Amino acid sequence: MRRLLDVGLEELTTILFKMGGIAEEAVGLSIEGFLEGVDVSEKVQSLSAVLVTLSVDAEDKTFELLVKYQPVASDLRVIKSYMKIAYDFERYGRYALDISFDHKTFAELRKDAFTNTPLQKLAEKVIKMVQTSVTAFKNHDAELARKLAGIEDEVDKLYMSTLKQYSKTSFRDNSLISKILVTRYLERIADHATYIGESVVYIATGERVTLR
Amino acid sequence: MMAIYMFDGEKIDIRNLNVWFEDNHVLKDISLKIRGNTVTAVMGPSGCGKTTLIRAINRMNDVIEGSRTTGQIYVDGRDIYDSNSNVYDVRRKVGMVFQKPNPLPKSIYENVAFGPKIHKMARGKELDQVVEKSLREAALWDEVNNRLKDSAFELSGGQQQRLCIARALAVKPDVVLMDEPCSALDPAATSKIEQLIRVLSENYTVIIVTHNMQQAARVSDFTVFLYLGEIIEYGKTKNIFENPQNELTEKYITGEFG
């Protein structure tokens, strides 16, 4: 016989799966728009708004399940972690929105392209981290989640080399602030990917790990 | 001479305990060490041996015809099943509170004074002090101090259960066993008993049988999971409820069986 808790858990999982898909789309779209010089802010804004709404739904649902069923063991780990992951997905959306607005605001000032720059490589790695985090989450795949630590190391190196490159750039480059901000947003997205990875490991094994 | 073994700090050390009722092998080779001044919850599905386990700790199974016990239970390093062990001393040192409040058909005062009197532990003013101290420890004094001569049956269910706790404390035990002490109580009375259990653990070692998972999580420091007479898992309550190591424990506490 199905437990009453299972019905609620399914509803919560549905919300989180939806959020994972939207968050992945928002980050991918904003980065693509930024690198290719296309204004995608309107679309990203609507995706981000949906993530905010779903995040509230997820929070309400987790509290409802905690109060109604006082879950333990794997149920408790899932519910606790889903609340955190919902926040991480919401942050994905928020940074995607920041990237798309950065482009919208500063694109006209930019003269150079991003092809083969550390920023482009950084962006690609971050997209990979987001995809990995969402897949690991959907499958509760601790092994895949642990791989985020390796990609995070690469992201950190690219982040530092990108900042170093910009520190040598002339301040006459009017788009410098824009590029530094986007670099920072990307690094923050990568951090949230590792948080999701940590939650996935915790759900699957009960082990608390740091992937940063 | 009574057997004394050098224990390493545990209040209770159960070694290879087996209990049979006639041909029914109820507890199978139980070994368990329980630290002093802690609350240990014993949980498991009906018929798994929880009550038999705690009743073994003050030799209450002895009174059941056809019961047989092997193994040792050391309380403060002394084997309570040793042939030189005095069963009345054991039951004074290890008190018991039952599922349903079972006050004696006497006054509130006499219920608490009963144990110290028969053990000749106190009389007169000293006895009054023991009664007051026990009722205070059971968080009942403020509710009954002006009606000590009233019948215990005039108290509410929750108050009667706290009276039974006071009665157990009056003979100065070290260990208090509780067999589903809240199962017959409403939420408010349950909450009071749970608070009391936490306070009692400052001075006593408490072992509680409970079917209520959340109660075990709220009140206990350690949890034992019994299944078909065997210990499946024993550990810190936080770990058992957050990340049980045994699949049976996981299934039981998440309600997949039981």
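A: Let's begin with a term we will need: a residue is called buried under 20% relative accessible area, exposed over 50%, and partly exposed in between. Please keep in mind that this is a predicted model.

Over all chains, the structure holds ten aromatic pairs. One of them joins F222(B) and Y234(B), a tilted pair with 6.3 Å centre to centre and 50° between the planes. F222(B) sits in strand β9 (residues 222-227) of chain B and Y234(B) in strand β10 (residues 230-236), so this pair ties together parts that are twelve residues apart in sequence. F222(B) has 14% relative accessibility and therefore counts as buried, whereas Y234(B), at 30%, counts as partly exposed.

Strand β9 of chain B also holds Y227(B), which links to F257(B) in the segment after α10 (247-253), 30 residues apart. Y227(B) and F257(B) form an edge-to-face pair, with 5.4 Å centre to centre and 80° between the planes. Here Y227(B) counts as partly exposed because its relative accessibility is 24%, and F257(B) is partly exposed too, at 25%.

Now for chain A, where F17(A), Y82(A), F89(A), Y92(A) and F137(A) form one aromatic cluster.

Finally, some rings have an arginine over the face. R91(A) lies over Y95(A), at 5.0 Å from the ring centre, and R68(B) lies over W20(B), at 4.1 Å from the ring centre.

Technical notes:
Residues numbered from 1 in each chain as written. Chains lettered and ligands numbered in written order. Predicted model: local features only at pLDDT ≥ 70, side-chain atom pairs only at ≥ 80, totals over all residues. Heavy atoms only, no water. Phe/Tyr/Trp six-rings, centres within 6.5 Å; stacked < 30°, edge-to-face > 60°. Helix = DSSP H or I, 4+ residues; strand = E, 2+ residues; numbered from the N terminus. Buried < 20%, exposed > 50% of the residue type's maximum accessible area, 1.4 Å probe, protein only. Lys NZ or Arg CZ within 6 Å of the ring centre and 35° of its normal.
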